[in-house]
Amino acid sequence: QLQLVESGGGLVQPGGSLNLSCVASGFTLDDYHIGWFRRAPGHEREGIVCISNNGGVTNYADSMKDRFTVSRVNAKNTVYLQIRSLKPEDTAVYYCAAAHRERISPSKCVPNLMIFDVSWGRGTQVTVSS
């Protein structure tokens, strides 16, 4: 069973940082692009970034380029998302999702909900508050 599990969320003060993890089980990440998304209270799910299966391509949503950094260690079956200078409006549930490289070429690895059809995690809550 293909499964993604996010972790690393929590309560953090404005200006702080967090490192989120997305761990795959039941499959190896080598063949999958990974996207990070978030859903804030009362909002639709929005894309943050896509990282290609080998990490060679990263595409961020325009509003996410400054404070978010994605990385991956396929040997650990893990993808990371670092968030810096956290703001209250970053409060959301953060999700990761997978798309197979044979269906989506690396150049089309973008944080678009529609391309991630393999697996979605249940999310990790990030709350930014003083």
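The exercises below concern the fold, disulfides and salt bridges of a predicted model.

The model is predicted, so that local features need pLDDT of at least 70 and side-chain atom pairs count only at pLDDT 80 or more, whereas totals for chains, interfaces and linings use all residues. Residues are numbered from 1 along each chain as its sequence is written, and side-chain values use heavy atoms, with hydrogens and water left out.

**Exercise 1. Overall architecture**

Task: State which secondary-structure elements the protein has, and describe its dimensions and its burial.

Solution. 

Step 1. Helices (H or I, at least four residues) and strands (E, at least two) are DSSP runs, numbered from the N terminus. The protein has zero helices and 11 strands.

Step 2. Along the principal axes, the C-alpha atoms occupy a box of roughly 45 × 25 × 25 Å. The radius of gyration is taken over C-alpha atoms, and the globule rule is 2.2 Å times the number of residues to the power 0.38. For 130 residues, a compact globule would have a value near 14 Å, and the protein agrees with its 14 Å.

Step 3. A residue is buried under 20% relative accessible area, exposed over 50%, and partly exposed in between (1.4 Å probe, protein chains only). Of the 130 residues, 45% count as buried.

Step 4. Accessible areas come from the Shrake-Rupley method with a 1.4 Å probe; for residues, only the protein chains shown count as cover. The protein exposes about 6600 Å², of which carbon and sulfur atoms supply 47%.

Step 5. A contact means heavy atoms within 4.5 Å. Among contacts between residues at least 6 apart in sequence, 61% join residues at least 24 apart.

**Exercise 2. The disulfides**

Task: Identify the disulfides of the structure, and determine the pattern that they follow along the chain.

Solution. 

Step 1. A disulfide is a covalent bond between the sulfur atoms of two cysteines. The criterion is a pair of cysteine sulfur atoms within 2.5 Å, and the structure holds two disulfides.

Step 2. One of them joins Cys 22 to Cys 96, with an S to S distance of 2.1 Å. Cys 22 is buried at 0% relative accessibility, and Cys 96 is buried with a relative accessible area of 0%.

Step 3. A disulfide also links Cys 50 to Cys 109, with an S to S distance of 1.8 Å. Cys 50 is in strand β5 (residues 45–51) and Cys 109 in the loop between β9 and β10, so the pair ties together parts that are 59 residues apart in sequence. The torsion about the S-S bond of Cys 50 and Cys 109 is about -95°, so the disulfide is left-handed. Cys 50 counts as buried at 0% relative accessibility, and Cys 109 is buried with a relative accessible area of 0%.

Step 4. With bonded cysteines counted along the chain, the pattern is 1-3, 2-4.

**Exercise 3. The salt bridges**

Task: Give the number of salt bridges, locate the partners of the one formed by Asp 31 and Arg 101, and state which residues are joined into one network.

Solution. 

Step 1. Side chains of opposite charge can pair when their charged atoms come close. A salt bridge requires a side-chain nitrogen of Lys or Arg within 4 Å of a carboxyl oxygen of Asp or Glu. By this rule the count is six salt bridges.

Step 2. Asp 31 forms a salt bridge with Arg 101, their closest N and O atoms being 2.9 Å apart. This pair links distant parts of the chain, 70 residues apart: Asp 31 is in the loop between β3 (18–25) and β4 (32–39), and Arg 101 is in the loop between β9 (92–100) and β10 (119–120). Asp 31 is partly exposed at 28% relative accessibility, and Arg 101 is partly exposed with a relative accessible area of 35%.

Step 3. Asp 117 and Arg 103 also meet in a salt bridge (3.0 Å, N to O). Asp 117 and Arg 103 each lie in the loop between β9 and β10, so the pair ties together parts that are 14 residues apart in sequence. Asp 117 is partly exposed at 46% relative accessibility, and Arg 103 is partly exposed at 46%.

Step 4. Salt bridges that share partners join Arg 38, Glu 46, Arg 67 and Asp 90 into one network. Glu 46 is partly exposed, with a relative accessible area of 32%, whereas Arg 38 is buried at 9%.
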